[in-house]
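Please study the sequence and the structure shown here together. The paragraphs that follow lead through selected parts of the chain.

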Amino acid sequence: MPLGGESTWQAMQQSYRINLMQKSEQLQHRWQEYIADNNVQARTELKRISHQLTGSGAIYGYQDITDSARQLMDLLYLPFQDELTQRIKEHNAYNELLEVISKATQSHNTPGNELQVRSSHQPSNKQKILLIEQDNSTALQLKQSMQDANFQLIHRPASADLIDTIQQEQPVAIICDISLSHDQLTANQPWLACRHLPGKHPPLIFIANDDSFEARLAATRAGCSHFMHKPLDIPLLIQQLRKLLNISKNDPYRILLVDDDTDVLRFYRQALTMGGYKVYTANKAKQAFDLLYKIEPELIIIDVNMPDCNGLELGQIIRQNHELTDTPLLFMSADNHTDEKMAALNLAGDDFIQKPIAPWRLLMTVEARVKRSRMLKQQKRAVIQRPELVQHIDTLTALPTLWQLKRDLSAKLKHQQPFCLMKIDLDQFHLINDVYGRTTGDLLLQTIAWQLAQLLKDDDRLYRESGDEFWLLCLHINSLDLAAQFAEQMLLRLEHLSSNFDVTIHFSASVGLCLVSDSRKQIDDVLQHTNTALYEAKKKAGHQYRFYDPEQQHKIDLRMQLTHSIRQAITKRQFSCAFQPILTADKQLASFEILARWQHNELGTISPAQFVPLLEEQGLISYLTQQMLDIGLKQLQLWRQYYPDLQLNVNFSAQDLVDPELCHKLTEQMKKLQLPNCCLIVEITESILIQAGSGAIEQLNHIASHGFSIALDDFGTGYSSLSYLDKFPVTKLKIDRSFVQRIDNAQQDKLLPAIIHLAQDLGLEITAEGVETQTQLNYLSAAGCQRFQGYLFSKPLTAESIAKTAWFQSAQLEEKANAKSNITNSR
């Protein structure tokens, strides 16, 4: 519903333009005083005027006035550093402001109506009233009045299909214009049939031109609840409807608006009044203070920059009265200085909002605060024992919270209504707060809440849980296709919001959806299933949505079970290891890669793809690395008795690389086992280098300087940046198995030979992973690979199994033969 008609808006615009001319004269007068002798009072007045124009320009449709006034205001707040330079900047800003004011006052074009917003961003449940009326003009007149009274009028010209209409529309009351004779009215079959419908009968109001006793008697016998004669008194009709339906008319919320700028007062008073609030205004602090006890406001909105007594001082005076301690204060200012914001927030837990304030945001900000204020006053004692009474309204967006969502879900499940529950989560929202500040973050959340609310149908509901999480309860969605269409529409709208702010904010959202048709589900199950779907959506890059799938829940349950037991597995050293050989082209043993294995006592073998991410999330991956080093290096010490040049490849994580003592620990461990540093190969991936950050270069250079080898693993699967090969001290390159698999499928593209050729030019030793066929081996050998790893040679084996392989059986026989020969020679 529009908050202001065109005539109202045009009148406000005209008044604003007249005031602009007055402010232009004030600006010029004060500017002359200021430049004449550095008049401090004149400078203060210039600040005040530019502050007012900053707050009022945009709301009246003149954004350029707001921008120019803010530029001048910011300069006037700066202390002098280079007086001449600053004076030139001030003069230019002053002239620019005068110019845009002149254009605004001379323009005959009326900017778009900024007041054309809905009075509430949450769709209301309007009760249906059925009107039986042949006169369309009467119906149109009633329709608007009913809508203003929060009723939905269903108009039918005749009562022929009355029963079907009642059953279909389910009206809470019926209004009928009667022109029948008294006998016809009493015998009218539809009315008689209505009285025998099952369930509660809606009250029936008859309206007629005939106001005789006989007409009223006939109406009573036909089941009439109330009788009214024409011409119709519509306010009285609505009052009677409320009485019949037991609807009490709530007193409008009372708001006190304090600002020395009459243009701002006029605009926000209009917006709040048409939004259903009772608004009182004051342009001075003393006047506001005198009003406090007369009107008992439920919210006080105060401009910070006022003469004589500023807004913060007024706030302190208000807070000194114990009767007003629960009344919320909302401070506003066009100046965004941090100290003012903090002072406002520290005064009594109150809030700050920056001018200019769009009407929809003002309404959203006000709604939650006045509701909580009234609730606190009405239920002050109960709130102490039951704080949840005021915790179901979000103070930032005025949306209901998770507490209310659970109540609504309970009602839907109880009445076996199918619905779709969605959860929206902003990806990496904390970065927006970190980069742009919490004020911008709050504005983004309010804007998102407003935009999402515009997509809702009458019976849908929007909630905010906390932070950047929103819930949508959609009753009009009962299929996967409809849900998918709605989710796509919602994400598209959010995607287009990035340029709606002073700075361009790039963000994305993820959505989890759960369709519910089984009333046997519990509330916690529905919430958990929606969270599970959201978790799956967030695995992909932004603007994704996913539906709940029982298989997903199984994965989540499995993950939770592993999360609980993995710390114990690390502590008790329950991880074992396997070794996969790496060979030269002539199949000579060159190295072993040690691979972690976990045999869960209940779930059996757990893949590294499952347990490695869990260890990284819990910060335990470095413990696993150390355990693999302990086992692997001791085993290498034994094996090097047979193969003196044998090496060991160990995978390192990003958490390992940020350990400043890593190189020292490795050096000490090698020294203790009397192993040369060159026999340990530190394997890292491209993604690890990115996670470890700039410190990784220094760390790897330090490790390499001590004689350890650095191998870049899985090359080609990540960013495949050639800069890594140049910036980092990599001496070995391991080509990912995905490239090797293409060889047998006649898909060997030009990239594999190019990678090998590049590595050769850089002097890197090349290892091919995942070699499974002789064809692959022949191709890779011809291309220039030096080392090979894969099932063609051996799967990963335990140390005991390796000891039984031909490599070590032959080595042991050779060793025995050499020992026997040495004995013979000695004789």
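Lysine 734 stands opposite threonine 767 of strand S23; helices (H or I, at least four residues) and strands (E, at least two) are DSSP runs, numbered from the N terminus. This is a predicted model, in which local features need pLDDT of at least 70 and side-chain atom pairs count only at pLDDT 80 or more, while totals for chains, interfaces and linings use all residues. Residues are numbered from 1 along each chain as its sequence is written, and side-chain values use heavy atoms, with hydrogens and water left out.

Strand S22 (residues 732–735) is joined to S23 by four bridges in the parallel sense; two strands pair if DSSP finds at least two bridges between them. S23 is also joined to strand S24 (residues 787–788) by two bridges, and these strands run parallel. There, threonine 767 has arginine 787 of S24 as its bridge partner. From S23 the chain passes through helix H32 (residues 774–783) to S24 in a right-handed β-α-β crossover; right-handed means that, with the strands pointing away from the viewer, the path from the first strand over the helix to the second runs clockwise. Both faces of S23 (residues 765–768) are covered, with Glu765 and Thr767 buried on one side and Ile766 and Ala768 buried on the other. Buried means under 20% relative accessible area, exposed over 50%, and partly exposed in between (1.4 Å probe, protein chains only).

The whole structure contains 17 aromatic pairs; rings of Phe, Tyr and Trp (its six-membered ring) pair if their centres lie within 6.5 Å, and planes under 30 degrees apart count as stacked, over 60 as edge-to-face and the rest as tilted. Tyrosine 253 and tyrosine 277 form a tilted pair, with 6.3 Å centre to centre and 40° between the planes. This pair links distant parts of the chain, 24 residues apart: tyrosine 253 lies in the loop between H10 and strand S6 (254–258), and tyrosine 277 in the loop between helix H11 (262–274) and strand S7 (278–282). Tyrosine 253 is partly exposed, at a relative accessible area of 22%, whereas tyrosine 277 is buried, at 9%.

Phenylalanine 592 and tryptophan 639 form another tilted pair, 4.6 Å centre to centre with 40° between the planes. Because phenylalanine 592 lies in strand S17 (residues 589–600) and tryptophan 639 in helix H24 (residues 621–639), the pair ties together parts that are 47 residues apart in sequence. Phenylalanine 592 is buried at 1% relative accessibility, and tryptophan 639 is buried at 4%.
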